[in-house]
Amino acid sequence: MSEIKPIQTRYKGYNFRSRLEARWAVFFDTLGLKWEYEPEGFDLGNGVWYLPDFRVQYPGRDASEIHYEWFEVKGDLRKITSKEIERIYNFSEHYKITILDGTPRETMFFNIYKYEGTITDFYEDLIAFGNEIETERFGVALWSSKGRLWYDVYDNCFPDDIIETACAAARSARFEHGQNGAT
């Protein structure tokens with residue numbers, strides 16, 4: 001049986017590889033965050049290349065404190081390939097990256113930077129994280145003021161109701177028949 005391919009989706013002038021990626025773009029837009037889709041690829045050495053899905057711009061307390069965060073969108077962490085694991089693991093040696101699995105929701109997501117274990121440990125942790133989608137997860141959350149997904153060194157965050165609104169907008173976005181993702 002052949003593998004089912006995701007539906008490529010057009011939103012805001014970008015051709016996303018999947019509707020799931022487009023839904024995360026709607027989520028970022030609803031929060032008013034500037035994002036870029038696959039803005040640059042990285043040579044990780046030994047012939048390994050990596051192209052993260054999103055680079056998102058975050059404001060600090062003033063315009064001079066803008067910083068960027070990297071995000072990778074995956075449908076189901078339990079189905080991630082060893083090549084994908086290797087790329088994310090190697091990329092995290094240089095940049096912090098958050099893995100967004102599934103549709104935007106008020107839950108925990110896996111973020112890494114300079115993972116301290118082996119690539120095998122990383123794979124096992126990621127799969128365990130994927131298995132805990134409906135239970136207690138470690139990681140960063142969309143809704144938590146202590147472990148939220150969007151943060152900076154000054155402890156700024158979005159209020160819970162704005163996160164809930166962004167999740168709802170992303171989940172309800174329609175892309176069929178030439179629509180642009182707006183509800």
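Predicted model: local features only at pLDDT ≥ 70, side-chain atom pairs only at ≥ 80, totals over all residues.

Me: Why is E72 called buried?

Reply: A residue counts as buried when its relative accessible area is under 20%, and E72 has 5% relative accessibility, so E72 is placed among the buried residues. This residue is found in strand β7, where E72 touches Y50, L51, P52, D53, I88, I97, T98, I99 and L100, leaving out residues up to four places away in sequence.

Me: What makes the pairing of the E72 and K74 side chains a polar contact?

Reply: The cut-off for the pair of N or O atoms is within 3.5 Å, with one able to donate a hydrogen and the other to accept it, and the side chains of E72 and K74 make such a contact at 3.3 Å.

Me: What makes α1 mostly covered?

Reply: Ten of the 13 residues of α1 are buried, and among them are L20, W24, F27, F28 and L31.

Me: Which members of the largest nonpolar core touch the most other members, and which element gives the largest share?

Reply: That core has 27 residues, of which W24, F27, F28, W35 and F54 touch the most other members. At least two residues each come from α1, β3, β6, β7 and α4, while the largest share, eight residues, is supplied by α1. As for F54, its contacts beyond four places in sequence include W24, F28, W35 and W70. There is also a second, separate core of 19 residues, including F91, F110, F122 and I127.

Me: How do you know that β8 and β9 pair?

Reply: Two strands pair if at least two bridges are found between them, and three bridges join β8 to β9, so these strands meet that requirement, and they run antiparallel. One of the bridges has T98 with N111 of β9 as its partner. The two strands form a hairpin with six residues between them, and G102 in the turn has a positive phi of about 80°.

Me: What makes β9 mostly covered?

Reply: Strand β9, residues 108-112, has four of its five residues buried.

Conventions
Residues numbered from 1 in each chain as written. Heavy atoms only, no water. Core = buried A, V, L, I, M, F, W, Y, C linked by side-chain atoms within 4.5 Å. Buried < 20%, exposed > 50% of the residue type's maximum accessible area, 1.4 Å probe, protein only. Contact = heavy atoms within 4.5 Å.
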